[in-house]
Every structure is written in structure tokens, then in C-alpha cells.
Amino acid sequence: MSSETLVYIIISGIAALLIAGFQYYKNKKGMSKLNMLFLFLRFTTIFSILLLLINPKFEQVVLSVEKPNLVIAVDNSASVEYLGHNEEVKTLFNQIKNNSKLSDKFNLSVYNFGNRLNPSDSLSFNEKETNISNVFSQLSQIYKQSTAPTILITDGNQTYGNNYEFDYMNYKQPIYPVVLGDTVTYTDLKIQQLNVNKYAYLKNKFPVETILVYNGSGSVKSQLSVTRGSAVVYSETVNFSKENNSKIIKFTLPANQVGVQAYNATLKSLDSEKNKINNSKNFAVEVIDQKTKVAIVSDIVHPDLGALKKSIESNEQRSVSLFNPNSILDEINDFQLIILYQPNIKFKELIEQLDAENKNRFVIVGPKTDIEFLNNNTKSYEFEITYNTEDYQAVLDKNYTPFLVDDISFETFPPLHSYYSSLITLVPFKTILQKNLNGIDVGEPLLGTFETQGRREALLLGENIWKWRAQSYVEYKSFNGFDNFFNKLIQYLASNKLKSRLNVDYQSFYNGSGGVIITAEYFDKNYVFDERETLNITVINKDSNESKTFPLILKGNNYEVNLSSLPPSEYTFTVEAEEANISKSGSFTILEYNVEKQFLNADVTKLQNLATNSSGKAYFIADTNDLVNDLLSDSRYSAIQKSHKNSLPLIDWKYLLIIIALSLSAEWFLRKYNGLI
């Protein structure tokens with residue numbers, strides 16, 4: 001409390017005493033006890049009111065003891081059980097969790113992890129993937145500003161994500177790995193990696209690359225064979241030694257049949273091998289009988305052209321060629337889709353031919369586009385002519401109906417540069433992305449599609465889409481999000497199929513270790529997304545004829561079902577909208593592969609490096625008593641006494657209001673009782 005406030009309080013006390021005395025000081029020689037009581041009550045009331053007006057603040061110091069956190073992260077993947085450590089892990093986990101000395105010194109936080117980090121102490125060891133780098137990424141957000149040594153109970157075998165040995169750097173905490181395994185080296189042959197394209201073309205050959213690894217001391221001979229069904233389609237003898245312990249085998253296979261073709265690559269196992277599961281890998285190729293050809297026509301050089309080409313060709317079913325407006329005139333019919341990039345007067349003959357052939361097209365408008373030329377040569381839309389430019393952000397329109405659009409955080413993407421003008425549509429126009437200027441929806445489309453006279457057309461009003469692809473990589477460490485979005489648009493434009501009220505998105509085959517996700521979108525008769533419908537999927541196993549039905553769950557602007565619980569096999573499915581009686585069918589294959597069963601040992605070296613680099617220490621599971629003792633004796637993990645200074649204003653003290661009310665009530669009652677009122 002300041003000295004100035006103290007002076008005000010003293011003055012208030014004197015003033016309250018004078019005011020009360022003025023009313024009740026009747027006799028200079030003395031006062032009755034009753035008047036003295038009245039004077040006291042009136043003084044209390046006035047002084048309390050004046051205190052409220054001054055509202056002095058009192059400082060309160062609160063002391064608290066903050067214990068450090070102890071994070072326990074347990075590997076819940078299938079590899080732990082496969083290597084035979086599941087019971088040991090449960091025992092160790094319970095010992096640490098129930099240790100009273102650790103509980104006294106630390107705040108214990110318990111997690112398990114597979115592909116994701118889960119705040120739970122339930123262990124099932126059935127996770128199909130291990131992503132240790134993601135563990136550190138999530139923990140770094142939770143324990144950013146606190147002390148949190150971390151016990152990491154794992155075999156160190158990561159199957160997904162970045163290399164955790166180096167990716168832990170943002171997690172500024174000591175890490176204590178408990179290694180589930182030993183350093184014993186076993187003789188082993190395995191298919192380390194198998195590389196193959198996802199698609200192949202009918203009557204062509206597709207390449208296959210296998211990386212074979214031998215772990216042992218002697219010389220051995222084995223046989224690599226590839227089968228499709230019961231037929232052997234490729235075979236080769238391979239020799240290994242301690243010095244020559246890896247082989248890269250490259251070969252080609254014929255694509256003679258349309259559809260998903262499943263294969264099995266097997267490296268003949270040795271009699272002394274402990275793990276024979278990693279000697280075999282399944283793979284599949286989807287054989288298609290045609291390739292979508294896309295032409296990009298531009299009169300200027302711009303980084304958008306390269307980004308569009310890379311994005312479209314990320315789908316191996318498509319190829320892209322670059323042309324200027326004159327060089328493509330004789331080859332228009334060789335392409336299913338023509339992309340016109342910032343057209344000008346030089347595109348006149350090309351647009352006339354496209355109109356004559358009624359071909360689908362994708363027009364990209366930017367500051368270098370001749371708007372007046374477009375107005376004179378298109379019949380579906382026109383622009384208000386202006387020569388001012390602006391940068392527009394994108395916002396997804398969730399009511400877009402022609403095909404499924406995933407929200408890849410468009411609002412975080414860099415703005416596109418374009419003319420500051422309004423689009424006047426002369427045909428029904430479906431907006432995918434809307435313009436947003438400085439956080440305000442301007443009510444104009446940035447990207448949209450329309451169908452007219454049996455052809456499809458898209459219109460993008462902005463350049464620098466290459467920045468979107470780059471931003472997609474920055475946010476997700478992959479181009480897949482942007483490329484998938486753009487390829488859905490290309491697929492829609494390159495096809496003339498009628499739009500459907502029920503659209504289903506799925507892959508032809510799934511690896512057994514990944515998620516089997518099928519999404520669907522349902523629209524009412526006006527082609528507005530309908531979230532009230534009930535969608536179910538019926539899946540039939542072709543081998544056993546077993547049928548199962550699952551509900552699709554509404555997620556955002558689509559319905560989704562996770563079929564990862566299905567065993568590897570070939571399946572047919574039907575997605576049905578119950579009330580509308582509309583259905584869509586298809587088929588997919590789940591390949592048999594469990595990445596968690598490809599290991600023989602714990603990755604001891606990587607875990608030890610992780611411990612050393614993070615100022616922690618690695619332990620084997622038999623040495624966990626040393627771990628507990630080290631944590632208890634480490635001076636870095638001492639409780640911290642913290643003081644918090646709180647400023648408490650008097651006006652927040654409710655008891656002062658009670659005092660005022662009681663003193664006024666008592667004075668009134670006594671005056672009334674004594675007949676003074």
C-alpha cells in the first residue's frame with residue numbers, strides 16, 4: 001500500500017469521526033452510552049463507505065512448492081509383443097507408476113504411443129505403426145516451460161515418421177530410454193525394402209527394385225522369387241557373405257491384365273533364422289489401360305507452370321506437356337484436358353478450336369491475362385474490366401457438390417495475386433474457394449467449376465499457386481495434401497461423367513500396416529451437402545464370403561469409415577444412403593504386411609545416442625532399479641518453491657459490505673427501539 005493511500009485512509013477516519021460526532025455529540029460534559037453506540041455505528045458506516053471509495057490495494061504473497069514432472073511414455077506397438085517383452089513392460093510400468101518415492105518427488109504423467117501419443121496407462125501392444133518422433137513433437141508442446149525428464153520404454157524400432165535420433169531437438173528435456181531387447185546379433189535374411197510404382201499400363205512392363213540384407217558371419221546362398229497367385233513370375237539366386245551383405249535386385253514384370261494385381265516377393269529363409277516373417281513382402285500394382293494426358297498452354301514463363309506439372313504428374317496415371325498457344329493447335333485431340341494459363345490475344349485460335357470441339361478446359365486468370373480478350377471470347381462468364389490488382393486469401397466453400405474436397409487449411413496459404421474485379425457468371429457456377437481480403441469475405445469466387453453444353457470448365461482467379469504447394473510442404477512435410485486436392489480437380493475436369501448425389505473416395509489397394517479409410521459425400525436433390533442422411537457400408541470378403549456392415553461417421557464435410565480391423569484379403573463393398581435408397585459399389589484389396597514384425601533386435605545404438613545427446617541415460621529393462629535411484633538422486637529434479645504476489649483491492653472484500661449493512665441495520669433498529677425515529 002502506498003503512503004499516499006495511507007494518508008487518504010487517515011483523513012477518511014478523521015472525516016468519518018467528525019461527521020458522526022456532529023450528529024451525536026449532544027453534551028459537552030458527557031454522552032450517554034446509547035449516543036456513544038450510535039456514534040460508533042455511524043462512524044463505522046461512513047468510514048467503510050469512504051474506504052470503498054478510496055479502494056486501497058493490499059499485497060498478498062502466496063508461497064507454493066512445484067514438483068517436477070516425470071513423463072512415462074510406453075511403446076504400445078505390436079513389435080514389443082512380437083519380441084517377447086510385453087509382460088516385462090507391464091511389470092516395469094506398474095512398478096514405476098506405483099513407486100511412492102517417485103510419486104513424492106515428481107508429478108507422474110503416463111502415456112502410451114504407436115503412431116500417435118495417447119494420455120493413457122492402458123497397454124494392448126496392438127498398434128500397427130511406431131512414430132517416436134511424433135512423441136517428442138507432442139510432448140514438446142505440453143512441457144514447453146516445465147522440467148519433465150522422460151522415461152521412454154521402447155525397443156527403438158520406428159516404422160513411421162522422421163528419425164527420432166535427431167528430431168527430438170525441440171524437446172528440451174532429458175530422456176531416459178529403457179531398451180526392450182539386447183545386443184545379441186542373430187543370423188537373418190530379409191527384404192529390407194521393395195520399391196514399385198503404384199500404377200502400370202496395360203501391355204507394358206513395370207520396374208521392381210528389391211533391397212536384400214544379410215546379417216551373419218558366414219557365406220550363404222538364397223533364392224529370391226516373385227509369385228502372383230501360384231505362378232512364379234520371377235526368380236533369381238543370390239549369394240551373401242559377411243563382407244557382401246546386401247544386394248539390390250532390379251527387374252521388370254509384365255502388366256497383362258487390367259485391375260489390381262497382387263504379388264508376393266520371398267527370399268528363401270535359412271534354417272537358423274529366428275525371424276522368417278521379414279523374408280517375405282506383398283505388393284500390388286494397379287494396371288490401367290489408358291493414361292490421362294493434360295496440356296498446359298502459356299505465353300509466359302512462370303513458376304506456376306512447373307508446380308502444376310509436378311502436382312498433376314504426382315499421379316502416375318497422368319502426363320503433362322507444355323505448349324505455347326500456336327504449337328498445340330495440331331495436337332488438341334491428343335489431350336483430355338487443356339489448361340489455359342493467363343490467356344491473351346494469342347489464344348484466340350486455340351479457344352475457337354476448343355469451342356468447336358467442345359473440349360473441357362481449365363482457365364487460370366492473373367495480372368498478365370487480357371481480361372478484355374476473355375470477355376470477347378467466352379460465353380460463360382465475363383469480368384468487370386479494371387486494371388487494379390489485389391492479393392486474395394482462399395476460404396473453402398463447404399457447400400461445393402460436384403466432388404469431394406478436403407480442407408487442407410486453405411486459409412493459411414499465401415494469397416494469390418489477381419485483378420481487383422468482379423466475376424459475372426452467365427451459367428450455373430459452383431464455388432470451391434472464395435476470395436477473402438484482409439479477413440473479410442468479399443463474396444466473390446477464387447476457384448470454381450461449371451458445366452455447360454456437355455463440357456466441364458474450371459476457373460482460377462489468381463497466380464502464384466506454386467506458393468500453395470510450397471506451403472503445403474511446410475505445414476505437412478509433404479506435397480500430398482495439395483497434390484491430392486489438385487488431382488481431384490483434374491480428374492473431374494478430364495471426365496464427362498454426370499455428377500452423382502453419392503460420391504465415394506477410396507483406394508484400389510491398401511497396405512496391411514496402414515489405415516483403410518473410405519470417405520463418402522452425400523447431397524440432397526438440390527446438390528447441397530446433407531448431413532442428416534445415414535450412410536452404411538457393407539463389406540464382403542471374397543475369400544470367405546463373410547459380410548460385415550459398418551456405419552459411416554460424419555466428419556466435417558464428408559462421411560468416413562475406418563476399416564483397419566479387416567484382415568488382409570480382397571473385398572467388394574457397397575455404400576448405401578438409407579433414406580434416399582442410393583448406393584455406390586466398388587472393390588479394394590488389403591495386402592498382408594505387418595511392419596512391426598520385421599525386427600529382430602531393439603535399436604540399442606540409436607536409443608543410447610538419444611539418451612546421451614539429451615543429457616539422459618539409457619538402461620536395459622533389467623537395470624531399471626538403477627533408473628529409479630538415478631532419478632531420485634539427480635539434483636536437477638528438485639522441487640521449486642515459488643512465490644506469487646497478489647494485489648487484492650478492498651472493493652473485492654465482501655465482508656466490508658456486510659459490515660456496512662450490519663452497522664446501518666443496527667443503528668436503525670436501536671433508534672427505532674428507543675423511539676428516536
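Gln342 sits in the loop between strand S17 (337-341) and helix H9 (348-357). Helices (H or I, at least four residues) and strands (E, at least two) are DSSP runs, numbered from the N terminus. The phi of Gln342 is near 50 degrees, a positive value in a residue other than glycine. At 2% relative accessibility, Gln342 counts as buried. Buried means under 20% relative accessible area, exposed means over 50%, and partly exposed lies in between (1.4 Å probe, protein chains only).

The model is predicted: local features need pLDDT of at least 70, side-chain atom pairs count only at pLDDT 80 or more, and totals for chains, interfaces and linings use all residues. Residues are numbered from 1 along each chain as its sequence is written, and side-chain values use heavy atoms, with hydrogens and water left out.

Phe125 also has a positive phi, near 55 degrees, and is a residue other than glycine. Its place is the loop between strand S4 (117-118) and helix H6 (132-142). Phe125 is buried, at 3% relative accessibility.

Another positive phi follows helix H13: that of Ser615, near 65 degrees. H13 spans residues 604-613, and its buried residues include Val604, Lys606, Leu607, Leu610 and Ala611. What covers them? The cover includes H6, strand S5 (150-154), helix H7 (164-167), strand S6 (175-179) and strand S35 (619-620).

Ser12 lies in helix H1 (residues 3-24). Ser12 is buried, with a relative accessible area of 8%. Not counting residues up to four places away in sequence, Ser12 touches Phe47, Leu50 and Ile54. Contact means heavy atoms within 4.5 Å.

Turn to the strands. Lys190 is found in strand S7 (residues 188-196). Beyond residues up to four places away in sequence, Lys190 touches Ile211, Leu212, Val213, Leu267, Asn278, Asn279 and Gln598. Lys190 and Ala494 are 304 residues apart in sequence. In space, their C-alpha atoms are 43 Å apart.

Thr210 belongs to strand S9. Thr210 is buried, with a relative accessible area of 1%. Leaving aside neighbours within four places in sequence, Thr210 is in contact with Gln193, Leu194, Leu224, Lys247, Ile248, Ile249 and Phe251.

How many aromatic pairs does a search of the whole structure find? The search finds 22. Rings of Phe, Tyr and Trp (its six-membered ring) pair if their centres lie within 6.5 Å; planes under 30 degrees apart count as stacked, over 60 as edge-to-face and the rest as tilted. Phe206 and Tyr263 form an edge-to-face pair, 5.9 Å centre to centre, with 65 degrees between the planes. Phe206 lies in strand S9 (residues 204-215) and Tyr263 in strand S13 (residues 259-267), so the pair ties together parts that are 57 residues apart in sequence. Phe206 is buried, with a relative accessible area of 2%. Tyr263 is buried too, with a relative accessible area of 5%. Elsewhere, ring pairs link Tyr506, Tyr510, Tyr571, Phe573 and Phe588 into a cluster.

Rings also meet charges. A charge sits over a ring if NZ of Lys or CZ of Arg is within 6 Å of the ring centre and within 35 degrees of the ring normal. Lys435 lies over the face of Tyr392, at 4.3 Å from the ring centre. The charged end of Arg469 sits over the ring of Phe479, 4.1 Å from its centre.

Ser409 occupies the loop between strand S20 (389-396) and strand S21 (416-419). Ser409 is buried, with a relative accessible area of 18%. Ser409 and Leu396 are 13 residues apart in sequence and 8.5 Å apart in space, C-alpha to C-alpha. Not counting residues up to four places away in sequence, Ser409 touches Glu475 and Tyr476.

Last comes a pocket. On a 1 Å grid over the protein atoms alone, a pocket is an open set of points where a 1.4 Å probe fits, with protein on both sides within 12 Å along at least five of seven lines; lining residues have an atom within 4 Å of a point. The second largest pocket has a volume of about 360 Å³. Grid points are joined across faces, edges and corners, and a volume is the space filled by probe spheres set on the points. Of its 22 lining residues, the closest to the centre of the second largest pocket are Gly512, Pro568, Glu592, Tyr593 and Asn594. Strand S14 (280-288) and strand S34 (582-591) are the elements that give two or more residues to this lining. The lining divides into nine nonpolar, ten polar and three charged residues. Ala, Val, Leu, Ile, Met, Phe, Trp, Tyr, Cys and Pro count as nonpolar, Asp, Glu, Lys and Arg as charged, and the others, Gly among them, as polar.
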